Amino acid sequence: MSINKTKRNYTVSDSEMLQDSATVHQLFVDDLADFTAFDPNFTATYAADWEADIDAALALPTDELYRDQIQVKTQTVQEKMQACRGKYIEVKYFVLKAFANNKAVQQEFGLDDYNTARQSDIKLQEFMLRMHQIATNYSVELLAAGYTATQIPEILTLADELGIKNIDQEVFIKEQLTTTQNRIQSMNTVYEKRSLIAQAAKIIYASNFAKYQQYLLPNNGTNQDDYAIQGQVVDSVSNLPLQDVQINIVELGIQTSTNSLGKYAFADNLPPATYTLKFDLTAYTPQEQSITVISEDETLTLNISLVPA
């Protein structure tokens, strides 16, 4: 069964998107009267449904948890493969002892193609199953060489255990495909409501700089029409993006902060004027830059490199 791959409708991380949505949801509840006056569909029920969507998304397993779980399962498969390799070395010793001058029998045991099989979990399982069958066929000779009767069944046990762990891993991976799609769909549902609120706030608070800024969507690099000023803040030494940098427009008393990509933005309702932007982050030297907004229709880009203090 094929699964249609759903893409995220946002570019920030899941946790950032959910945190932003939860914050804006509370603002929306506080300002519900303004939104209802603008669009009667914005009701307490709408707010409750959005909160339920956020809670449902938060309850889903994260991608990090999946990576941890698959790492554990992969490690288990690797451990079983290593046990199979150890059993092969043991069997090989007695095969060479019992059939020192018989290359044909040695090849029956797989001594000539083990190096290929040992790299793949599936091939190694098949190799072990075949080796068990051949060892059973030549049990008399192996026992005469010193191999014990209990050791031959151990070959089959290890092969079966490797197969079980491999199937468990593969089933988990396939199930995770569905889980991931459900998670993305749940996240997109939250973001769709968040986006609609931002669009409405853009109209409701067109003349209220601070309110408009509170509802502005995070800078994801695709919605630049919503911004008057946008940019990225990086470390001057490493050139890596800096998160949680506080940026203030001194003249208006409004502020925002950078996301995990180091990006920030101010809403496009700023009137034409020259503004002073102050960038501040602990352990870095504060920086101020002036920028002039000439038209409400333009988006200015101001990228900053902060110097470690």
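An open sheet of four strands runs in the order 3-2-5-6, and its pairing is antiparallel. This is a predicted model, in which local features need pLDDT of at least 70 and side-chain atom pairs count only at pLDDT 80 or more, while totals for chains, interfaces and linings use all residues. Residues are numbered from 1 along each chain as its sequence is written, and side-chain values use heavy atoms, with hydrogens and water left out.

**Sheet**

- Strand 3 and strand 6 (287-293) are the edge strands, each pairing on one side only; two strands pair if DSSP finds at least two bridges between them.
- From one strand to the next, the twist averages 25°, with axes as lines fitted to C-alpha atoms and angles running from 0 to 180 degrees between N-to-C directions.
- Strand 5 (residues 273-280) pairs with strand 6 in the antiparallel sense over seven bridges.
- Alanine 273 has valine 293 of strand 6 as its bridge partner.
- Strands are DSSP runs of E with at least two residues, helices are runs of H or I with at least four, and both are numbered from the N terminus.

**Threonine 276**

- Threonine 276 is a residue of strand 5.
- Threonine 276 counts as buried because its relative accessibility is 19%, where buried means under 20% relative accessible area, exposed over 50% and partly exposed in between (1.4 Å probe, protein chains only).
- Beyond its neighbours within four places in sequence, threonine 276 is in contact (heavy atoms within 4.5 Å) with Asn248, Ile249, Val250, Glu251, Glu288, Gln289 and Ser290.

**Largest pocket**

- The largest pocket has a volume of about 680 Å³, the volume being the space filled by probe spheres set on grid points joined across faces, edges and corners.
- Of the 24 residues lining the largest pocket, Asp20, Leu216, Pro218, Thr256 and Ser257 are the closest to its centre.
- A pocket is an open set of points on a 1 Å grid over the protein atoms alone, where a 1.4 Å probe fits, with protein on both sides within 12 Å along at least five of seven lines; lining residues have an atom within 4 Å of a point.
- At least two lining residues come from each of helix 1 (14-30), helix 10 (209-215), strand 3 (254-257) and strand 4 (263-267).
- Helix 1 gives the most to this lining, with six residues.

**Histidine 25**

- Histidine 25 lies in helix 1 and is buried, with a relative accessible area of 7%.
- Neighbours within four places in sequence aside, histidine 25 is in contact with Ala47, Trp50, Glu51 and Ile54.
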